[in-house]
Amino acid sequence: MEKSFNKILKSHKESNGSIISLLQQIQNEFGYIPEKAVFWFSNILDIPASRFFGTATFYAQFNLKPRGKNIITACCGTACHVRGGDRLINNIKNEIGLSGEEKTTGDRKFTLEQVACVGACSAAPVVIINEKVYGKITPEKLKKEIKALKES
Ligand code: FES
C-alpha cells in the first residue's frame, strides 16, 4: 500500500494538486479512500486528517468504505418513488443479498447506492447499473441484469 502512496505523492507534488485531486487519485488507486491513506498523507504533507475527512465527506464522489465491483444506483426521487422505486430497491436488496442498512455485499460484488434524483424523471423508475442508465425498468428486467452480473 505504501508503494502506491508514494506513487500518488510523487504525482501530487508534480502537479501541485489540491486535496480534492489527491483524494481522487487515492480513490482511483484503491476504489475508495482508506483511512490508512488519510493518516499517511496527513502526516507526510502536514495537513490535518480532519481536512481530508471533511473534504471526503462533503463531496458525494468520495467513498470512505470499499465499494463493490458492480455499482447499482437506485433513484429515490419523487417520480421514481411513485412508479415503484421502493419496490425495486427491495428487489435489488433481495437479489444481491443485502440486509438492513448494508450498502455493499460481503463478497464485494455489489454496492447499492440510493440517490435523490438522477434527472431522468420521465423515464422513472430509473436504476443505473455500472454507469448504464435503465429507464422504466421492471422488476423482471432488473432481475435479469443482476443475474447476468452475478454470473460474470
Ligand atoms: S425522480 Fe428518479 S429520475 Fe428523477
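## Two domains

The C-alpha centres of domain 1 and domain 2 lie 31 Å apart. Domain 1 covers residues 2–58, and domain 2 covers residues 70–151. Keep in mind that this is a predicted model.

## The chain as a whole

The chain has 152 residues, and 38% of them count as buried. Its C-alpha atoms fill a box of roughly 50 × 30 × 25 Å along the principal axes.

The secondary structure consists of seven helices and four strands. Along the sequence they follow the pattern α-α-α-α-β-α-α-β-β-β-α. Now take the contacts between residues at least 6 apart in sequence: 62% of these join residues at least 24 apart.

How many residues does the largest nonpolar core have? It has 17. Those with the most contacts inside it are L22, L23, I26, I33, F41 and F52. Four helices each supply at least two residues of this core: α1 (2–15), α2 (19–30), α3 (35–45) and α4 (49–58).

Look next at I33. Neighbours within four places in sequence are left aside here. I33 is then in contact with L23, I26, Q27, V38, A56, F62, N63 and L64.

## The sheet

Four strands form an open sheet, in the order β2-β1-β3-β4. The pairing is mixed. Why is one side of β2 and of β4 left without a neighbour in the sheet? β2 (110–115) and β4 (132–134) stand at the edges, and each has a single partner strand, so one side of each has no neighbour there. From one strand to the next, the twist averages 20°.

Strand β3 spans residues 127–129. Three bridges join β3 to β4, and the two run antiparallel. V127 stands opposite Y134 of β4.

## Helices on the sheet

Two helices can be followed here. Helix α6 (residues 85–96) packs on the sheet and touches β1 (70–75), β2 and β3. The direction of α6 makes about 165° with that of β2.

Helix α7 (residues 139–151) also packs on the sheet. Its contacts are with β1, β2, β3 and β4. The direction of α7 makes about 15° with that of β3.

## A buried asparagine

N70 sits in strand β1. Is N70 buried or exposed? Its relative accessible area is 5%, and buried means under 20%, so N70 is buried. Not counting residues up to four places away in sequence, N70 touches K109, F110, T111, N130 and L149.

## Backbone details in the loops

Most residues other than glycine have a negative phi, and most peptide bonds are trans.

The peptide bond joining A124 and P125 is cis, with omega about 0°. P125 lies in the loop between β2 and β3.

D46 has a positive phi, near 55°, and is not a glycine. D46 lies in the loop between α3 and α4. D46 counts as exposed, at 71% relative accessibility.

K136 has a positive phi too, near 45°. The loop between β4 and α7 holds K136. At 56% relative accessibility, K136 is exposed.

Technical notes
Residues numbered from 1 in each chain as written. Predicted model: local features only at pLDDT ≥ 70, side-chain atom pairs only at ≥ 80, totals over all residues. Heavy atoms only, no water. Core = buried A, V, L, I, M, F, W, Y, C linked by side-chain atoms within 4.5 Å. Buried < 20%, exposed > 50% of the residue type's maximum accessible area, 1.4 Å probe, protein only. Contact = heavy atoms within 4.5 Å. Pairing = 2+ DSSP bridges. Axes fitted to C-alpha atoms, helices over the stretch in contact; angles between N-to-C directions. Domains from an automatic or database assignment.
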